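Have the sequence and the model open side by side as you read.

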Amino acid sequence: MSDALIVIDVQNDFCPGGALAVAGGDEIVGGINALMADFDTVILTQDWHPAGHSSFASSHDGAAPMSLIEMPYGLQVLWPDHCIQGSEGAAFHKDLRVDGDLIIRKGFNPAIDSYSAFFENDHTTPTGLEGYLRTRRIDRLVMVGLALDFCVNYSAVDAARLGFDVTVRQELTRAIDFDGSLQAALDGMQVAGVAIA
Ligand code: VGL
Ligand code: ZN
């Protein structure tokens, strides 16, 4: 059995100056690059939405960014347009090492958002990452990246539920921290059995 580093969404739109900027999002790049050297397997994820994605406030008449909407799969935050496929905002931070083993894209289904690297937000449509890890006999995961309270949180909780041993290295993450989302995420990860280091 072995381990993998999963680097979540270190993309321009989540860094200062981006469309959905996370404060200090760019500060973690150097530390993540250094940590990659400790892992045989490095996996990067990339938020990858088509224009007009249903998670964008601009796709819903009169909806303000950061408001909530009821979707068929549950409550969804409506975000500013971000990480549109092929755009500069969707590109990885320019200093991030991208010579990992696998890049997994998510959020490309127009009707369902996908915070987690494992399942879309309906919690059932898989991305395929679980199969990749299991067939490569990887059972321990370390997660870093953006944003701690959304995509890192959802990925870590899903991985723990699937039976992986999961550690989030909090100093190599940054949070959006919107409406109590950071504390809720920390509590939820703890309940799910995720180690926060
Ligand atoms: C993310 C909101 C919308 C993230 C992605 O990477 O945490 N957050 N899309
Ligand atoms: Zn997104």
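## Asp179: a loop residue

Asp179 sits in the loop between strand S7 (165-174) and helix H4 (181-192); helices (H or I, at least four residues) and strands (E, at least two) are DSSP runs, numbered from the N terminus. Although Asp179 is not a glycine, its phi is positive, about 60 degrees. Asp179 counts as exposed, at 71% relative accessibility (exposed is over 50% relative accessible area, buried under 20% and partly exposed in between, with a 1.4 Å probe and protein chains only).

This is a predicted model, in which local features need pLDDT of at least 70 and side-chain atom pairs count only at pLDDT 80 or more, while totals for chains, interfaces and linings use all residues. Residues are numbered from 1 along each chain as its sequence is written, chains are lettered from A and ligands numbered from 1 in the order in which they are written, and side-chain values use heavy atoms, leaving out hydrogens and water.

Cys83 belongs to the loop between strand S4 (74-77) and strand S5 (102-106), and is buried, with a relative accessible area of 0%.

Leu146 and Ala147 are joined by a cis peptide bond, with omega about -15 degrees. Most residues other than glycine have a negative phi, and most peptide bonds are trans.

Asp47 is part of strand S2 (residues 41-47) and is buried, at 3% relative accessible area. Beyond its neighbours within four places in sequence, Asp47 is in contact (heavy atoms within 4.5 Å) with residues including Cys83, His82 and Lys106.
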